[in-house]
Amino acid sequence: METEITTKKELDHVFTVRDVSVSYGDFTAVKNVSMDMFKNNITAFIGPSGCGKSTLIRSFNRMNDLIPNAVVNGEINYQGINLYDEEVDPVQVRRRIGMVFQKPNPFPKSIRENITFGLKVNNMTDNLDERVEKALTQAALWDEVKNDLDKNALDLSGGQQQRLCIARTIAVEPDTILMDEPCSALDPVATKKIEDLMQILVKDFSILIVTHNMQQASRVSNYCAFFTTKATDDGRRTGELVEYSDTKTMFTNPSESLTEEYISGRFG
Amino acid sequence: MNNNSVFAETKKERELKELAFLSILYFCVTVAIVTLMTLIYDVISTGYSRLFNDYELGLISKVTIDNPKDFLTSLDSRDPLKAGIGPAFAGTVWLMIIVIFATFPLGAGAAIYLQEFAPKNKLTRFIELNLTNLAGVPSVIYGLMGLAVFVRLAGFGRSVLSGGLTLTLLILPVVIVASREALKAVPDTIRQGALALGSTKFQAIFRQVVPSAIPGMVTGMVLGLSRAIGETAPLIFMGALTYVNYYPDTPLSGFTAIPIQVYNWIGYPQAEWKDTSSAGIILLLGLLLSMNALALIIRNKFEKDW
Amino acid sequence: MYKDLNLTKTKTKPLESVVKFFITLSAFAAILISIAIVFTLLTEAINFFQDPEVTIREYFTATRWTPTFKNPVYGVLPLISSTLYIALIACLISFPLGLFSAIYLSEFASRRTRKVIKPIMEILAGVPTVVFGYFALNWITPNIVQRFIPGSGVFNAISAGIAVGIMIIPTIASISDDALNAVPKSLRMGSLALGSTRRVTALKIMLPAALSGIIASFILGFSRAIGETMIVTIAGGQYPELNLDPRKAMYTITSSIVNVSLGDTPHGTTAYNALFALGITLFIMTFVLNIFSDYIARKYRKEYEQ
C-alpha cells in the first residue's frame, strides 16, 4: 500500500517511482511500488528474501535490460527524466547511476587498471593518476594500496576488493550509487568499514542500498522502504512495497502491522 | 550353522571375480600404453641413427655422415642415405604460418560472436549444428573441397596457400569450440561489473572478457595447429606428393610437408628407407610434443583461477 | 555531481561496427564451409554420373573398382565392403579396450593414476595417422599378423584394422569416461552402501546409466574408422576386386580417393570426377552416422542436471 512521505523539509527528489512492477515472463517479481527518494540520503530497501528488492534496484540503472524477458512497468523518473523513455540510452544511465554488487567483482587486472577502465570508457582520461588517487581515497582504500597499484586486484582481501569496486564506481563521478547487499559476503570488520564509508560518501552521492540486515539499515540509512511478499492467485509470491518512511519512524513507530512484525523479528 | 564357511566361500569367490575383472581392466589400459611405447621405441631406434649418429649400413659398407643435421637440411634424394627432410620441414613451417594467420582471427571472431553476441534463435542453432557436423567430417573430404575451391576455383593452384587454407578449414570447428569454452569460463560478474560502470556491451566484451579469455583461446589454437601439422590426406590433392625437391619461396609455390614426405618414404620398398621414414617421424613427433608442451605452459602460466 | 543530465544515445563508433560485422561473418563461415563441401562434392559427383562411361547401376553393383584400366569399371561395392570390413575389425578392438579403459578411469583409478593415464591417452590421440600407418606396415604386419596368421600378405586388412582400432581407443575412452563421470556419484554410493562390489556397481549401475553416451561414442568411433585414410592407404594395400579375406589387401573408399589423385588425373576426366563421387558417398556415410550418434546421445541421456 502506498504511504505519504512524512517529511518536513523541502528536499530534492532524486528518484520518483510511480506504480512500478517488474516481471520475468509471466512471473511478477515485485509490484505496486511508488515512492520518492531524496538526494544525498541513504535509502535502504529491507525485507525478507524473495520480495524483489534486488530486482527492483536493478531497474534503477537498467541492468534488468540484460535479462531476456524482464519487463519494467510504471514510471521511474531520475531527476525528472523517465529512465525508460525510448530516447534514453541505458549505457548513459549507467554512467550516472553506479552499482556495487553483492559479491565483489574486481576485474582480473591491476588495482590501477580496475579504476582506469571506467575512466577510459567514460572519456575521462585526463589526469588519470590523480583521478585514481582521488577515487581510492574517497573509498578509504588509498593508504592500504598506494604502493601496490600495479598489484593484481584479486590478491586483495574481500573487504578491500569491495572498497575497490566502490572506488571504481565513484571514479566515474556518478550522482547516485546503487548497492545490492554490498556487505553480505564480508566479515563484520570489513562490513563496518564499508558502513562508515557510506556515511562519508552520502555527502557527495545519493545512495540506495538493498540489505537483508535490519540492524544495518537502522544504523546506516535515512529512509527505509520495507517490502514483503504476498501470495498471488497462482500460488507464487510477488513482492510489494509495504511502507516507506524515514528510518527513525520506521523503526520506532511504523504505520503498518506487517512492518512492525518484521522489525520485531517475528518473521523474516 | 555353517555361517562362517558359507560367507568365507562366497567371499573368496567374490574376491576372485573382482580380481579377474580388475585384471581385464588393467589389460585394456595397458594395451594402449604399451602400443604407444612400442611405437615410440621402434621409431626412435630405427630413426635415431639418421638424425644423430654416424650411419652404418651394416654388412656392405660403412657410410658416415659428417654432420647428422644434414637430415634436417638436405633435399630429398633417390638415395635413402642422402635423403633429407629440408624442403618438407620448410613446407610445414609455411603451412603453420598460413594456418595461424587464417585461423586465429576467424576462429576467435566466430567464437566471440557465438558466445557473446548471437541471439538465441534458430539461425544460431543452425550455425552451431553446422560446426558440430563439420568437426566429424573426414579430413580427406576437406582435401577434395580444397581441391575444388582453392586449387581450381580460386586459382591458387597446387600451392602451399591452398594447402594452408584447406587445413584452416579443417581445424576451424575445433578452434571455435575451444575458444568458446575459454569465453564461457569468464564469470558473468565481470561482464556485469563492466556494464555497471557505463561501458557498452562492445567495450565490456573486448576490453574485459576477451583479454581474460586469451590464454584459453591461444591454447585451443596451438592444439588445433598441432593437429593440422600431422595431417596428410587433405594435402595430397595439393600436388604435395609429386617429387617436390625445392624450398617453397612464395605462398603460391608448390610444396611438400613432413607427413607427406614421410608417407612417400614409407612407400619405397628398400629396407633403408625404413630408417629414413623413422627419422622423419621422430622429427614430426618432436614438433608435436613441443607444441603440446607450449600449450600446457601457456595454460598453466596464464589461465586464471576464478 | 548532479551535472546536467543527458541520457540520450551516443553514436556507435565506426570501428565497433566494423568489428561486429567481421565477427558475425566469421560465425557464418561455418555455414559457408558446409555449403562449400556439399556443393563441390555434389556438382562434380553429378558430372561423374552423367559421364557416358558410367552408369549408376554399375556404380552400385559392380564388384571391381578399376578406373585406370583400359576398360574401366566403376563399382563402389568392393570399396564399401572393404571400408566396413576394416572398420569392423577396428571396432572389435577399440570398443572393448576403450570402454574398459573408461570404466577403469572413472570407477577404479585413483586421482593420481588418472592424472598419469589421461595424458597418455591424449598423446595417443595426438599421434598423426601417417605414423600409425608406418607402425601398422612395419611393425604390426611382420610381428603380429604375419607371425600368427598364416597366409597374410604384406598388405592386409587385419593390420590396418588393428591400427585403426588402436587409433580410435582414445576417442571411445574419453567420451565414455565423460559419460560415466556425468552419472551422479550418489548412484555409486547407493549401490556400494547396499553391499555390492565395485565390479557389480560399475557393470550393473554405472554402465547402464551412462549407456547413451557410451553408445554415442561407439557410433562416433565407427564413423571415424570409416573416414580414416592414411593408415588404410599405407597398410591396407590396393586390391580392386571384392575381397572378403582379411589376410589379403583391402581397398577402402578413402585409399582409392588417395590413389586416384596420386596418378595424373587432369580435371574433367572421369577419374577426376570419380573422386568426388567417392567423396560424397563417404560424406553421406559419416554424416548419417554422426547425426545418429548425436541423436542417441540426446534422446536417451538421462536428465541428471540439477
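Among the contacts in chain C between residues at least 6 apart in sequence, what share joins residues at least 24 apart? That share is 72%, where two residues count as being in contact if their C-beta atoms, placed from the backbone, lie within 7 Å. The views below come from a predicted model, in which local features need pLDDT of at least 70 and side-chain atom pairs count only at pLDDT 80 or more, while totals for chains, interfaces and linings use all residues. Residues are numbered from 1 along each chain as its sequence is written, and chains are lettered from A and ligands numbered from 1 in the order in which they are written.

**View 1. Chain C and its elements.** Along the principal axes, the C-alpha atoms of chain C fill a box of roughly 90 × 65 × 35 Å.

**View 2. Chain B and its helices.** Chain B has eleven helices and zero strands. Of its 306 residues, 49% count as buried, a term that requires 20 or more other C-beta atoms within 10 Å of the residue's own, with C-beta atoms placed from the backbone. Among the contacts in chain B with a separation of 6 or more, 72% are between residues 24 or more positions apart.

**View 3. The side of chain C that touches chain B.** Here 65 residues of chain C are in contact with 61 residues of chain B. Helix α1 (residues 14-50) of chain C gives the most to this side, with 17 residues.

**View 4. C:Ile231 in the largest nonpolar core.** This core, a set of buried Ala, Val, Leu, Ile, Met, Phe, Trp, Tyr and Cys residues joined through C-beta atoms within 7 Å, has 256 residues, of which C:Ala163 and C:Ile231 touch the most other members. Helix α3 (residues 77-108) of chain C gives the most to the core, with 17 residues. Leaving aside neighbours within four places in sequence, C:Ile231 is in contact with several residues, among them C:Thr129, C:Phe132, C:Ala163 and C:Met167.

Technical notes: Helix = DSSP H or I, 4+ residues; strand = E, 2+ residues; numbered from the N terminus. Buried ≥ 20, exposed ≤ 12 C-beta atoms within 10 Å, placed from the backbone.
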